[in-house]
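Subject: Structure handover

Hello,

I am passing on the structure below for you to look through. My notes on what was found in it come after.

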Amino acid sequence: MTDPAATPPMAAGQIEIWKKIVDVQQHFNDLELRIRNFALIVTGAFLGLGGYAIKDGGILNAFGWEVSMAGLIVVSAIFPLLAFYFMDRLWYHRLLDGSVQAGIEAETALKDLGYKVDLGSQISAKSPFKLWLVGTRIHSKTKMDIFYLVLVLTLLIVGASLGIGIRPQPVSVTRSIPSSADSAPVPSPSPTKPIVPGDLVDPGVANATAAGDIDIKSK
C-alpha cells in the first residue's frame, strides 16, 4: 500500500479525484439498475392485472372492433415502460457515460505520474460483445435497447392475444314450458256443508268430531 506521506501532493490530489469519479460511476450505475428493476415490476404488475381482467374486464367496442379490456390493460403498460426507458437511456446513462469518460481521463493523468490505473479503460474494453447473429459488437446502449424492446414485444404479443382472442360469451335465455301435468286445472275446494244429524259422516270427519275439532249441534 502506498504511504500517503511519501505520495507527492499532486499525485495524492489526483488519486482523490479519481476515487470520487469512481463513486459517481457507481451511483449512476446503481440508479440505472433500480430503474430496470422497477420496469420489470411494473410490466409484471400489468400482466397480472390483465390476467385478472380476463374474467370481469368486459369487452370494449371501439370503432366497430370488439376488444377485450384485458388486452388493453396489458398494452397500456408500454407507456410507463417508455418513461423508464427515457430515464434510463436518455437521462442517467448519458451521465454515466460522462463519468466514465472523466474516469478514463483521470486514469491517464495518474499514468503520467507513474501509477498503473486501468479500471475505466478495462471496463470499456470488456463491456462490448459480438452478437453471432449479425457479427457486430454490441455496446451498453444497444444492450439497453434490446432489454426494453423485449419487454415491449412481450406486452404487444400478450395484449394482442388477449384483446383479439377473447370474445364475449353469448347469453342463453332458458324459457320454461309448462307440462301437461302442470297445466291441468286444479279443482276448487268445495264449500263446507253443515253436518246435520242423521247424515252419513265420513270416518275422518267423525274422528275429528270425536277429538273435539268439530262441534255438532242438534236441533
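**Q14 and helix α1**

Leaving aside residues up to four places away in sequence, Q14 touches A106, A109, L110 and L113, where contact means heavy atoms within 4.5 Å. Q14 sits in helix α1; helices are DSSP runs of H or I with at least four residues, strands are runs of E with at least two, and both are numbered from the N terminus. With a relative accessible area of 17%, Q14 is buried. Buried means under 20% relative accessible area, exposed means over 50%, and partly exposed lies in between, with a 1.4 Å probe and protein chains only.

Helix α1 has 48 residues, which at 1.5 Å a residue should span 70 Å; its end C-alpha atoms are 71 Å apart, which agrees. The expected span is 1.5 Å times one less than the number of residues. After α1 comes G58, with a positive phi near 85°.

**How to read the model**

The model is predicted: local features need pLDDT of at least 70, side-chain atom pairs count only at pLDDT 80 or more, and totals for chains, interfaces and linings use all residues. Residues are numbered from 1 along each chain as its sequence is written, and side-chain values use heavy atoms, with hydrogens and water left out.

**The chain as a whole**

The protein chain contains 7 helices and 4 strands. Their order along the sequence is α-β-β-α-α-α-β-β-α-α-α. Of its 219 residues, 21% count as buried. Among the contacts in the chain with a separation of 6 or more, 70% come from residues 24 or more positions apart. The chain exposes about 16000 Å², and carbon and sulfur atoms supply 65% of that area. Accessible areas come from the Shrake-Rupley method with a 1.4 Å probe; for residues, only the protein chains shown count as cover.

**Helix α5**

Helix α5 runs over residues 140–165; its 26 residues should span 38 Å at 1.5 Å a residue, and its end C-alpha atoms are 37 Å apart, which agrees. The buried residues of α5 are M144, Y148, L151, V152, L155, G159, L162 and G163. Their cover includes α1 (9–56), β2 (65–68), α2 (69–75) and α3.

Rings of Phe, Tyr and Trp (its six-membered ring) pair if their centres lie within 6.5 Å; planes under 30 degrees apart count as stacked, over 60 as edge-to-face and the rest as tilted. One of the pairs is F86 and W91, edge-to-face at 6.4 Å centre to centre, with 65° between the planes. F86 is partly exposed at 45%, and W91 is partly exposed at 41%. The rings of F147 and Y148 have centres 5.1 Å apart and planes at 85°, so this pair is edge-to-face as well. Here F147 is partly exposed at 26%, while Y148 is buried at 3%.

F28, F86, W91 and Y92 form one aromatic cluster. L90 lies in helix α3 (residues 78–112) and is partly exposed at 45% relative accessibility.

Regards
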